[in-house]
Amino acid sequence: MDYKYKKVRIAGCSGAGKTYLAKYLSETYNIKYFDLDDIFWDNSSSYGSKNSREYRNLLLNNILENNCWIIEGIYYNKWVKKTFEDADIIYVIHAPAYICIYRIIKRFIKRKLGIEKGKKESFISLISLLYWVFRYNTHEFPKLLLVLDEYSEKVIHLQYKNLLNQISI
């Protein structure tokens, strides 16, 4: 089965469902997906270490050279601008802060208990992320919308509930 979009960018708050949607599209249409956190952060060292700007750009440019990709992440600043430019479609997931906070805490607990694989956040990094999420809709989301304004013809806004029923197939 082919997906009509070969290059998909997914944006939204932490805990909104970006990875869920990316994994679904990836598995259904056999398109590799990439999490921008895996590019931005150096997961080989201690939690919270960033990759160098040069290395991060190299990793991202290697992905963008492919004919098909799904890229998901919270980032909307200059270093990911080309992901929006090159995308055939941009999904923006809207979710209230309380939903994102609930999902992030649930994910944190599952990772600490070894039920789910993932990054090894500390309690302090969890608190920092929750604070960022709490401010997302009032501080970060308006900035994302400004960036996406020039790509409005390919932006699809999705609500966190029933994500899969809202996507264009």
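**Salt bridges and a buried lysine**

User: Is E150 buried or exposed, and what is its relative accessible area?
Analyst: This is a predicted model, so local features need pLDDT of at least 70 and side-chain atom pairs pLDDT 80 or more, while totals for chains, interfaces and linings use all residues. Numbering runs from 1 along each chain as its sequence is written, and side-chain values use heavy atoms, leaving out hydrogens and water. Buried means under 20% relative accessible area, exposed over 50%, partly exposed in between (1.4 Å probe, protein chains only). E150 is exposed, at 53%.

User: Which residue forms a salt bridge with E150?
Analyst: A salt bridge here is a Lys or Arg side-chain nitrogen within 4 Å of an Asp or Glu carboxyl oxygen. The closest N and O atoms of the E150 pair sit 3.3 Å apart, and the partner is K81.

User: How many residues apart in sequence are the parts that K81 and E150 tie together?
Analyst: K81 and E150 form a salt bridge. K81 lies in helix α4 and E150 in the loop between α6 (123-148) and β5 (155-159), so the parts they tie together are apart by 69 residues. Helices (H or I, at least four residues) and strands (E, at least two) are DSSP runs numbered from the N terminus. That puts the sequence separation at 69 residues.

User: How far from K7 is the nearest side chain of opposite charge?
Analyst: K7, in strand β1 (residues 7-12), is buried yet has no salt bridge. Lys and Arg count as positive, Asp and Glu as negative, with His and chain ends not counted. The nearest opposite charge is D86, at 5.1 Å.
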